[in-house]
Amino acid sequence: MAADLPLYKAESHARRPRQNKRFILLCAFFGLCFIYFLNARITYSSPSSHHQDAASPPQDYPSPLSGQVSIDQPERPHTSLDPPLVDHKEDVTPTVAPSTHANSHQAVNQPFDESMDDVVINNSNHYTYLLIVNSPANAIERRRLIREKYFGLRNNLLPCMKYNADIYYKFWVHGGPPKPDTPLRRQYEAEKMEWSDLVEMPASTRPEQANVLAWVETSLADQGITYDYLILQDIHAFIRLETMKHELDSGVIGDNTESPFTINTDAPTNIVWGTFHGDARDNDAVVVGSQAVQLALQHRKEIEAASAKNEALLTGMFKYYQSMDPDTLPSSLTTPPAMGEDQDPEAEALERGQLVPEFIREGGPDVSPRFIRWENNVESVHAEDIVVSQVYQSAEFIDLSRWTHSNPVKVCYRTASRSINQLPLEPLDDDEDVEQLLKEEHDEDADDDDPDNDDDLLLNDKHLPASSDALLDSSLSKKLSASSLAVVTSSFIYDACMEPSATRAAINKRDYALKHGYSFVARSAEFAQEAIRGERKTVWGKVDVIEKVLPKYEWLFWLDMDAVIMNQDRALEDLLQDVKQRYPGGAQAFDDNIDLVIARPHRDPMINAGVFLIRNTPWSMQFLRQVQKTTGWFQKGPSYEQGAMWDIMRQPDNEPHVFLLDRDDHTFNTFPTYYQPGDFVVHFAPTSVPTMRPSRASTPLTRSSPAKRSPKQIC
């Protein structure tokens, strides 16, 4: 027994450390878990306060979220902007809008979806602001970003046919177009067709201030365009356009800075706002009033004679006036043309003073510049900075727009595209409750309807969007407005032959749309995507385009790229009215049934899908879906999508919705050999595509006059 005791004690001492070690490890584990829990609680509860303390500017500094600098803020030191905060709460519940061919779609906000309550429509050719962007032809991507970030123009589905806000803009393209028969040239020509905002200068014209100012005062003036302030920028500059407009509108430049400038109310447009360094920086951006522009051009020779070589005209103007005492300036620089000998001396002195421009210099000896150069990070851009130049990367341009919280400036307002007796200036908003809108307008306008007016083109309730069919009874008719019609074409160029002629053909169609108040939509992306898809011939992009554009309008008038409108006076409303009367069942039966109007030429075995009218109805959208699924025609030439349309439209369920103009060569799809004076559209389809370049003797593709001669092909 005694011998057993030591053995027992030895065994007991050997096991005790193992028990202690397990206990210690267990306590350590729970301790670490507790510390991790506390740390998570602290981190979760304090990100906002930490962000505010570490990164946000002082609370009394103008907030970058406002998108502009308030003129009521006190002066503050040069402080960095706070990085933009992204709020994802709005993304939790996506907004959907009614569709004509499905229960719902993700809503896509258009650039015209703001409230119209305080909008002033500019129906004149005078604009407060004229923005001219110096650009080489190859800067396609930067021009796209400027449209989107400056003006909210993300696509051309609802195009600006006329600038009816307070700003007018153009891209002043210098250096000539890209080399012919290159992908870049085709992209450039497509851009010209899709956006009517490029002005192409001769290759020999240099992008100098003097040349741009001369163009503004001659070419634009000949079009009747006048303005108060000209904003001239290089394509690689970024301008906080909304802030710049705010300061000019308020009459105080840089009110929250150390050296604010108050514009003379007696001569507000006789100012020049720039850098005046005497080097290339002066061409990055400048703002000049219309009166100062006229003075600069009027005295250009004297200014250039006193300027350094290659010095910008407005910089030379600044130095010229600064070098002289205003009281001793030559009379040629200060005497207005109308000043006579009998004028009151006091009035004469006042008028002489107003003819001396006021110069707002950025980056002077004692002033912090607000026109800065890009320093490769957004943190170097401060709240008071208004121009950032030499921004070469697209991603950096986008970052600057976000960092400065720049809001787009509207260049146009439009009527609702699918107008069903809507208010004339109500912008299209895909998020609107269409059913409620139609109910309200029906209640408000029911007394104004005139069912006895046979001259109006009527819209039957059957052709309202599917989600609205039950809202209006069959006795309610609505007028078809020009804003609900669109002329649609392709801007995708296949080869070098089409490079010059396609753009002229697009101008022909755009001029027609402008004349009658229609939208003009040219598209190339849907054709280009066919190469990525790799299943079908490029021409199938036509069906994609129609599916994309049709829901936004009442009727589409599709014309192939090689179709030219010869009779510019014939309105689509008149064409539809004529087709209605020719329909075997009459106008009412047409309204009740027909959604597609298409022709089969005299000698063709099937329809020609180069020109047709299609209405926005549930049947049309379903018809297009059926065409898209007709795989047998994906690679089957020469008809491709045309053959698919021919097969689908002849199905028993579809025939009642199609008005086939059989063996018709003159209504709206005339081949060149059958052309007669007065025919509406000439389609160059019979020859190998593309071959529609008219001769110079023919005039259908010029702006000056409608075509009166027979079209010719030289391609």
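## Basis of the model

Because the model is predicted, local features are taken up where the pLDDT is at least 70 and side-chain atom pairs count only at pLDDT 80 or more, while totals for chains, interfaces and linings use all residues. Residues are numbered from 1 along each chain as its sequence is written, and side-chain values rest on heavy atoms, with hydrogens and water left out.

The pLDDT is the predictor's confidence in each residue, on a scale from 0 to 100. The chain has a mean pLDDT of 78, and 68% of its residues reach 70 or more. Over residues 444–478 the pLDDT is below 50, and in the model this stretch has 71 contacts beyond near neighbours in sequence, a contact being heavy atoms within 4.5 Å. Residues 688–710 also have a pLDDT below 50, with 58 contacts beyond near neighbours in sequence.

## The chain as a whole

The chain has 20 helices and 24 strands; these are DSSP runs numbered from the N terminus, helices being H or I with at least four residues and strands E with at least two. Of its 715 residues, 48% count as buried, where buried means under 20% relative accessible area, exposed over 50% and partly exposed in between, with a 1.4 Å probe and protein chains only.

The chain exposes about 34400 Å², of which carbon and sulfur atoms supply 51%; such areas come from the Shrake-Rupley method with a 1.4 Å probe, and for residues only the protein chains shown count as cover. Among the contacts with a separation of 6 or more, 73% are between residues 24 or more positions apart.

Leu26 belongs to helix α1, which covers residues 4–45, and with a relative accessible area of 47% Leu26 is partly exposed.

Gln209 lies in helix α5, residues 209–222, and is buried at 3% relative accessibility. Apart from neighbours within four places in sequence, Gln209 has contacts that include Leu232, Asp282, Asn283 and Val286, as well as Ala312, Leu313, Leu314 and Thr315.

## A three-stranded sheet

Strands β7, β14 and β13 form an open sheet in the order β7-β14-β13, with mixed pairing. Because β7 (238–239) and β13 (371–373) each have a single partner strand, they stand at the edges, and one side of each is left without a neighbour in the sheet. Two strands pair if DSSP finds at least two bridges between them, and β7 pairs with β14 (residues 387–389) in the antiparallel sense over two bridges, with Phe238 opposite Val388 in β14.

## Buried strands and their partners

Strand β17 (residues 485–490) is largely enclosed by the rest of the structure, because six of its six residues are buried. Leu485, Val487 and Thr489 point one way from β17, whereas Ala486, Val488 and Ser490 point the other way. β17 pairs in the parallel sense with β19 (residues 555–559) over five bridges, where the bridge partner of Thr489 is Leu559. With β18 (residues 519–523), β17 also pairs in the parallel sense over five bridges, and Val488 has Val521 as its bridge partner there.

Strand β22 (residues 608–615) has eight of its eight residues buried, so β22 too is largely enclosed by the rest of the structure. β19 and β22 are paired antiparallel over five bridges, with Phe612 in β22 the bridge partner of Trp558. Four bridges join β21 (residues 596–600) to β22, again running antiparallel, and Phe612 is the bridge partner of Ile598.
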